[in-house]
Each structure stands twice: as C-alpha cells, then as structure tokens.
Amino acid sequence: SSDFNNIVFKEVIYTDQSVRLDQSLVQDEKNFIIIPSRNPAFVSGVLGNLNSLARNYDITVFGLNEWQRFTNLDVEYLHNLELHFASPFYIDYTSTHVKSFLHQFRTKYFIEPSAYGFQGYDIMFYFVQALRYFGPDFGNCLPLLHTGLLQSDFLFRKYDFQDGFENNGISIVRYARDMT
C-alpha cells in the first residue's frame, strides 16, 4: 500500500540521557520505537526518558521477551508506552482454561505449577488431541490442528517435503495503557 511508502524510519544512537529523543519524534502521529537491548540499566534509562516524553507524544515501544525478568523496570512505564514483545510462552491468568488448570493442579499437588508444569500440560494435551483426531499417523496432519493451550501456541509448518515440522507459534504480549 502507499501508506507503507510514507513511513519515515529514523535511527537514534542513544548513549545517555543527553541524547534528545524528542527531536526524532513526531507530534500528532504514532511513534513506534524499537529497543533491541538486553541491558537492564540501559532499558530502564531509555524507558524513563520516553515515559516523560509520552505526555506530549504518542509512543509505542517494541522490546524483548527478556525484559519480563528485569526487576528494575517501572511497570507503569511499560503500560504508558504500550510495550510489545514477542514470546514463545505467555500465560493469560484471566483465561478460564488457565484458572481451571491452576485449581486442579493445586488441589492435586498442593503447590503452584512451574513453567514446566504448564509446558508439559500443553505438549501432552496438543499431541493427545492430534492422536484423537488424526490417529497414530498424525504427523502430517499437525498443520491442521489448532487447539487452545495454556501458554504455548503450536502452529506447525513444513517448508520442504524432506524437512521436519517447525513450530511458528508465537504470542505478542502487549502492555495496554488501561493497565491490562
């Protein structure tokens, strides 16, 4: 589309807070900012700077899955800046499927499930469903199976007749301004 041709890309080398990010932002338009850093101190600093600019600019930040493990990030900033990141795993604790799993897991084992508990359930559920719907030779039918899982999204694709299957499932996690 012609809209894509009108997109302006700018690269900013952000070394410290003396760099004026506002000079690269556009008022009254969306500003999408990609921060490919794994450095917690750097990410915290640039998000703080962008959060102060978000009062005057419409800013959406795209970051990395690793940021979930950073302990120094202000959650309010993540929501104000509508942080987006891609993740192979995401658990929506508001989902009735997840709530049911948690209740059953806690009742049976008297502990919280680890990430492996969720992953084990997803893998077993997916392949049992494949076996149920397609029988023991379900391998070539995997691209046809779409089922709700707890934390994963399996979208198997085969790119070449001789190759095996590759999972292309991924979740996009978005921190919304309404704190969801």
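**Exercise 1. Strand pairing.** In this predicted model, determine how β1 and β2 run and how many bridges join them.

*Solution.* 
1. Take the direction: β1 and β2 run parallel.
2. Count the links: five bridges join the two strands.
3. β1, helix α2 (residues 40-53) and β2 make a β-α-β unit, and the unit is right-handed.

**Exercise 2. Faces of β1.** Sort the residues of β1 into a covered and an uncovered face.

*Solution.* 
1. Recall the rule: side chains in a regular strand alternate between the two faces of the sheet.
2. Assign the covered face: N31 and I33.
3. Assign the uncovered face: K30, F32 and I34.

**Exercise 3. Two aromatic pairs.** Classify the pairs F32 and F62, and Y93 and F118.

*Solution.* 
1. The whole structure holds 15 aromatic pairs.
2. The ring centres of F32 and F62 are 6.0 Å apart, and the planes meet at 50°. Stacked needs under 30 degrees and edge-to-face over 60, so the rest count as tilted. This pair is therefore tilted.
3. F32 sits in β1 (residues 30-34) and F62 in β2 (residues 58-62), 30 residues apart.
4. F62 has 31% relative accessibility, so F62 is partly exposed.
5. For Y93 and F118, the centres are 6.4 Å apart and the planes 85°, an edge-to-face pair.
6. Y93 lies in the loop between β3 and α4, F118 in helix α5 (residues 115-134); they are 25 residues apart.
7. Y93 is partly exposed at 48%, whereas F118 is buried at 3%.

Methods
Residues are numbered from 1 along each chain as its sequence is written. This is a predicted model: local features need pLDDT of at least 70, side-chain atom pairs count only at pLDDT 80 or more; totals for chains, interfaces and linings use all residues. Side-chain values use heavy atoms; hydrogens and water are left out. Rings of Phe, Tyr and Trp (its six-membered ring) pair if their centres lie within 6.5 Å; planes under 30 degrees apart count as stacked, over 60 as edge-to-face and the rest as tilted. Helices (H or I, at least four residues) and strands (E, at least two) are DSSP runs, numbered from the N terminus. Buried means under 20% relative accessible area, exposed over 50%, partly exposed in between (1.4 Å probe, protein chains only). Two strands pair if DSSP finds at least two bridges between them. A crossover is right-handed if, with the strands pointing away from the viewer, the path from the first strand over the helix to the second runs clockwise.
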